[in-house]
Amino acid sequence: MTDLSDIAPPPPVDAARDRAEREQLLVAWRTPTGWRRLSAVNNSLIGKWYLMTAFGFFLFAGVLALMIRTQLAVPDNDFLSMELFNQVFTLHGTAMMFLFAIPIFEAVAILILPEMLGARDLPFPRLSAFGFWCFVIGGTFVCGSIFWNAAPNGGWFMYPPLSSDPSQTGIGTDIWLLGLSFIEVASIAAAIELIVGVLKCRPPGMRINLMPLYCWYVLVVAGMILFAFPPLIAGDLLLEMERAFDWAFFDADRGGDPLLWQHLFWIFGHPEVYIIFLPSIALIATMLPALARTRIVGHSWIVLSAIGVAFLSFGLWVHHMFTTGLPNISLGFFSAASEAVAIPTGIQIFCLLATLLVGRATASVPLLFAGGALAIFVFGGLTGVMVAVVPFDFQAHDSYFVVAHLHYTLIGGMLFPIFAAIYFWYPFVTERMLSPRLGRWSFWLIFAGFNITFLPMHWTGVLGMPRRVWTYAEEMGWGALNMTSTLGAYILAVGVAVLLFDVLRPKAWEEASSVNPWQAPTLEWVREVPGHPWGIRSVPVITTRYPLWQQPGLHEEVSRGAWFLADAPGNHREMIVTDILDARPMFVQRVPGPGWVTILSAAFLGAVFILATWHLWTAALLCGAAFLATVLWWLWTGTGGVPAAPERDCGRGLILPLYASGNGSVGWWAMFITMIGDTTAFAGLIFAYAFFWTVHPAFPPPEAVPPGVWTTAAGAMFLIAAWLLMAVAQRANTEGRARLARWALALVSLPAAAGVAVLAHAARVADLDPTRHAYDATVWVLILWLAAHVAVGVIMPIYCLARLWAGCMDTRHDAELRNSMLYWNFLLTQSLVTVALIGLFPLVLGEMR
C-alpha cells in the first residue's frame, strides 16, 4: 500500500498530452458496434440494458395488474377465466418482486456506482454481464409461459401442498421454481460484484466513513441478498425434488410438513421487503443534498439505522405466519420485532425530513416524487405496525387490507423513489433534461391514481374480501370499492404512460444540459457523458464526503487527466484497487474487454434449468458440461496470470503492482462472499433437518436406521485428507517446490471422491429411501449437496494444475490456488457439519432416549 502524502503535484495543462491520453483510453475502452455490441461488458452499457429490461418486466406486470383490476371491477365478472386469473395474479406478483423490484436496484447500482466511487468499472465486468443475461433469459422464460397457458398459478409464494402436487398445478410450478432459481443466480452475482466494488474499488483516500450514503446502502442491501436469497434457493431445491422425484419434504403423511416451505420462503420474503425499500431510500438520501442545497442531516445515524433495519429484518419472517398455529411465545417475540423495526426506519425518515427543513429546497420533479414516496411509505408503515399486532393480524390476514399495506409499502418505498431517480439522473445518462411540466403531470396522476386504487382496499379488506379471489357475489357489498380501485389503477397507468413518453420522446433538438445540472456533490457528475466509454477521466484522491462541494477545482483536475490512470499505454482496461478501511492504493486491476463467453455461459446455464423443467435430464447434463467449459474458458481468458511488467506508473508518482493474491485481491473477496452465500443456502438445509426434529416426537423416526457413525467418520477422514492435500499444494507452491505442489493437486480428487462415495454407501446400507420419509430425504439431500460441492472442489485443483503447467502461475502469482484453498476451507466446514448431523447426531439422540 502507498502513502498518499507522497503524491506529486498535478502536471501543467498540456492539450497535446490530453489528446494522446484520450486516444489511448478510447482504444482500451472501445465498445463494439452493431450486433457485436451484445458482447460488451462495461458497466455503463450493461447498467442501461439492465434498467431497460427491468422496466420492460415492470410494464408487463403492470398490464397484468390492469387485467386483475378489470376482472374485479364488478361482481360476477367473467373477463378472465379462473385459471387465467390465477396465472395472471401469480405472474404479476412474481414479475414485480423478482423481475423488477430487486433487479432495478442492481441495474441502478451497476450504472452509477462505479462513477460515484471514481472507478473506471466494477471489478468483475464479465460477472455483471453474465448476471444480466441470466436475468433476461430467466425472466423471459417465466413471463413467456403465460402465452402458452403454462404459467405458474399457485401464487407468487407458491405454498405447498398445492404447489407440491404436479397434478394440481401442472408444469407452471416447475417453471416458477427453476426459472426463479436461475434468476436468483443473477441477483447473487450482482450482490458479489457490488460488495467487492464498494469495499475494494473506492478512490484513494475515500475512507469507509467518507463513502456516500448510496454506497453504504448498496453494501448493506447486497449483504442482505447474500443471506436472504440462499434460503429460498434451498426451499426451491426441496420443493422441486418433491415434485420431480417424489422426495418427502412437504407431505405430512410421510413425515414432511408444508410449514417448512413457509419458513424458508419468508426467511427470504420479509428481508426482501427491506432489500427493496433500502436502496430506494438510498436514492432519496443521495438526491436530497443536491435538491436541498445542504449536507444530509445525521449521516452516521442513517448508516447505523440502515444496518439496524437489515439486522432486524431477518427476525421478522413469522410476521407472515401468525395464523399458522405457532406457540404464543413465538407470536409475542416476532410481534415485538415487527414493531421494533419501525425505530431505525423512523430515524432514516426523520433525518431526510430534517435535511429538507434545514436546507433551501426548491420545487423540482425529483423532489415531488421523493416527497410522495415519504408520505406514502409512512402511511404504509403505520398499517404495518397494525398488522404486527397479533389480534389485529388474525382479523386482517389474507384480506385486501394486507394487499393495500403491501402496495403502500412497496410502491411508496420503491416506485416513487425510482421515478424521482429517473428525473434526477437522466442527464447523467443522456446529457438531456426531462420535461418539468410532463414530470408534474406524471407525478400527480401517479400519486392520485395510486391512492384512489389502494386506499379503498383497506376498507375492502376490513369488510372481509379475501385476497387472491377471482370474483365475488354482488350481495357481498364490495362492488363500489372495487370499481373505485379499478378506476384508480387506470389513472395510475396514465401517469406511468406520461412518464414513459417523457423518457422516450426524441430530444436531439433540445439543448444539452450542463455537466452537473443539479449541482450535486458526488463524483458521478464528473463522468464524461454520454460518448466516452471510460467513465471518469482520471481517478482522484478523495478526502471529504461531498467532494464536488468541498474539494475546489476537483472537477477540472479530473477532467484534464491530472490524477491517476489518465492514460492506457498498453490498451488495457485498468482500475485502482484499494484497501477496505482507509482506501489506500494496493494494486492496479486489469479487467477484460468485450467477449461472448458471458452470453454463452448464461445461455448454457439457462438451458440446464429450462430442460430440467421438462425432465430432459440427458440434455440438461450436456448443457451443464457446456456451461462448465465456458466458465473455465471465461477464467482462463481473463486478465489473470503473470503480468508482463510487475508495476504500473499511475501518474503523480504513484507506482502500484499489477498483481495481488490472497486477501489483498478482489478474486479472494469474491470467493469469500460467494461461499458466505453458499453456506447460507446450506444452513437452509440444516434448518430443514432441525425443523423436522422439532415438530416430530421422534426424529429420526424409530423405524429408520441412520447411517453408521464409523462409516460416516471414514468419509469425513477422506475429505479431511483432500483438504490437507490442497493445503500442502499451496504451501509447496509458495516455497517454490513445484513438483510437490503438482503431485498434491493431482491427488486431491482421489480422497475427495472416496469421501463422497463412502457417505453415499452409508446411506444405501442404512436403506434410506427419500420417497419413504422426510428423514431419509433430508439425509440424501445433504449428501447430494456435499457431492456437488466436492465435484466443484475437484475441478479447482485440476484447473490450478493446468495453470501451473502453462506457466500462468508461480510462487508469487498464485491467486487461483489461494482462492481454491479458501473454497476448500468452507467445503471442509460443510463436510464436517454434514457428517456430524447424519452420523453423530442420531447416535447422541439415541443415547439420550
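Student: Why does Glu-574 count as buried?

Tutor: Buried means under 20% relative accessible area, exposed means over 50%, and partly exposed is in between (1.4 Å probe, protein chains only). Glu-574 has 5% relative accessibility, so it counts as buried. Before we go on: this is a predicted model, where local features need pLDDT of at least 70, side-chain atom pairs count only at pLDDT 80 or more, and totals for chains, interfaces and linings use all residues. Residues are numbered from 1 along each chain as its sequence is written, and side-chain values use heavy atoms, with hydrogens and water left out.

Student: Where do Arg-590 and Glu-574 sit?

Tutor: Arg-590 is in strand 2 (residues 585-591) and Glu-574 in strand 1 (residues 573-578), 16 residues apart, so the pair links distant parts of the chain. Strands here are DSSP runs of E, at least two residues, while helices are runs of H or I, at least four residues, and both are numbered from the N terminus.

Student: How many salt bridges does that rule give?

Tutor: The count comes to 23. One of the pairs is Arg-254 with Asp-251, whose closest N and O atoms are 2.9 Å apart. There is also a network that links Arg-17, Asp-18, Glu-21, Arg-22 and Arg-537.

Student: Are Arg-254 and Asp-251 buried, partly exposed or exposed?

Tutor: Arg-254 has a relative accessible area of 16%, so it is buried. Asp-251 has 23%, so that one counts as partly exposed.

Student: What about Arg-731 and Glu-735, which meet in a salt bridge: what is Arg-731 called, and what is Glu-735 called?

Tutor: Their N to O distance is 2.7 Å. Arg-731 is exposed because its relative accessible area is 55%, whereas Glu-735, at 40%, counts as partly exposed.

Student: Why are helix 14 and helix 16 called roughly parallel?

Tutor: Two packed helices are described by the angle between their axes and the distance between the axes. Axes are lines fitted to C-alpha atoms, for helices over the stretch in contact, and angles run from 0 to 180 degrees between N-to-C directions. Under 35 degrees counts as roughly parallel, over 145 as roughly antiparallel, 65 to 115 as roughly perpendicular, and the rest as oblique. Helix 14 (residues 400-430) and helix 16 (residues 479-504) have axes that come within 12 Å and cross at roughly 15°, so these helices are roughly parallel to each other.

Student: How are helix 4 and helix 6 oriented?

Tutor: Helix 4 (residues 125-144) packs against helix 6 (residues 171-200) at about 160°, with the axes 8 Å apart. That makes helix 4 roughly antiparallel to helix 6.

Student: What makes Asp-767 stand out in its phi?

Tutor: Its phi is near 60°, a positive value in a residue other than glycine. Asp-767 is in the loop between helix 24 (749-765) and helix 25 (774-805). With a relative accessible area of 51%, Asp-767 is exposed.

Student: And how do you know whether Gln-519 is buried, partly exposed or exposed?

Tutor: Gln-519 has 46% relative accessibility, so it counts as partly exposed. Gln-519 has a positive phi of about 55° although it is not a glycine.

Terms used:
Salt bridge = Lys/Arg side-chain N within 4 Å of Asp/Glu carboxyl O.
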